[in-house]
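Subject: A structure to look at

Hello,

Here is the structure I promised to pass on. Please open it first, and then read my notes below alongside it.

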Amino acid sequence: MKITPGIAEIVGIYIGDGHIFREKNKFQIGFTGNPLTDVELFEKITELIKKEWGKDVKFKVRANGLRMAFRSKEISSFLIKGLRLPYGKGKGERVTIPEDIAKNWNLAKYTIRGIMDTDGTIFISKKPRVERYPTIEITTTSPILASQLREILMNNGFRVGNIRKSISKSSKLPAYRVPLYGKENVRKWLNEIGFSNKYKLERAKSYIQ
């Protein structure tokens, strides 16, 4: 199965908010999201799955969250064996960008878009002499993924801050934050990577006006 930009973006979304559940010889691929901010993103996911894999998939709001799931042994095998993506318990802290994607910027930028759309935030803070200082930040529990993201982005002209490690009371796992500061980074992100999450896209645009 050839890796297209569309599949690369699905991989990024899977890295952020996806899962593969296996019961005996049956595989289920699923995604979860926020019904307040991720509806347009889920519409994009359904379009990508239809275009790349020919499957009609619908999403629902359940337990105050967006849920999407479909079964395919072939696609699951491609993700697990072909791309070596982890699944099941501990997926979050073990996941990395597949090598065939990471070494190709024309694919990696779509995977990074998918990760940002799910596990990223964009916000403003006050700095000395700067009222609206925008920051793009991706948070992951995978230290290898955090290092990968920083290296790929820096190799492609982004100014990336040092990775910050933090531990919250609500999680036993440390989180690794990859920050990009300032309007120039936001403009470059919009021009070269973009967003499929409309909520985050509109925030990014508003912060550089």
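Two residues are in contact here when they have heavy atoms within 4.5 Å. Please keep in mind that this is a predicted model, where local features need pLDDT of at least 70, side-chain atom pairs count only at pLDDT 80 or more, and totals for chains, interfaces and linings use all residues. Residues are numbered from 1 along each chain as its sequence is written, and side-chain values use heavy atoms, with hydrogens and water left out.

Let me begin with asparagine 197. Leaving aside residues up to four places away in sequence, asparagine 197 touches Thr37, Asp38, Leu41 and Asp117. With aspartate 38 there is also a polar contact between the two side chains, at 3.0 Å. (A polar contact is a pair of N or O atoms within 3.5 Å; within protein, one must be able to donate a hydrogen and the other to accept it, and residues adjacent in sequence count only if both atoms are side-chain atoms.) Asparagine 197 sits in the loop between helix 8 (183–192) and helix 9 (198–207). Helices (H or I, at least four residues) and strands (E, at least two) are DSSP runs, numbered from the N terminus. With a relative accessible area of 0%, asparagine 197 is buried. Buried means under 20% relative accessible area, exposed over 50%, and partly exposed in between, using a 1.4 Å probe and protein chains only.

Next, helix 2. This helix covers residues 39–53, which makes 15 residues, and spans 21 Å from its first C-alpha to its last, close to the 21 Å expected at 1.5 Å a residue. (The expected span is 1.5 Å times one less than the number of residues.) Its buried residues are Leu41, Phe42, Ile45, Thr46, Leu48, Ile49, Glu52 and Trp53. They lie on the same side of helix 2 because they cover an arc of only 165° around the axis, the arc being that of the directions from the helix axis to the C-beta atoms. Glu47 and Lys51, on the other side, are exposed. The partners that the buried residues pack against include helix 1 (5–17), strand 2 (26–33) and helix 6 (105–119). After helix 2 comes glycine 54, with a positive phi near 70°.

Now for the charged pairs. Side chains of opposite charge can pair when their charged atoms come close. The structure holds eight salt bridges, each a side-chain nitrogen of Lys or Arg within 4 Å of a carboxyl oxygen of Asp or Glu.

- Arginine 113 and glutamate 9 meet at 3.4 Å, N to O. The pair links distant parts of the chain, with arginine 113 in helix 6 and glutamate 9 in helix 1, 104 residues apart. Both arginine 113 and glutamate 9 are buried.
- Lysine 103 and aspartate 100 meet at 3.6 Å, N to O. Lysine 103 is exposed at 62% relative accessibility, while aspartate 100 is partly exposed at 43%.
- Glutamate 184 and arginine 187 meet at 2.6 Å, N to O. Being three residues apart in helix 8, glutamate 184 and arginine 187 are separated by about one helical turn. Glutamate 184 is exposed at 51% relative accessibility, and arginine 187 is partly exposed at 30%. Elsewhere, salt bridges that share partners join Glu9, Lys44 and Arg113 into one network.

Last, look at serine 168, in the loop between strand 7 (164–166) and strand 8 (175–181). Serine 168 is partly exposed, with a relative accessible area of 38%.

Best wishes
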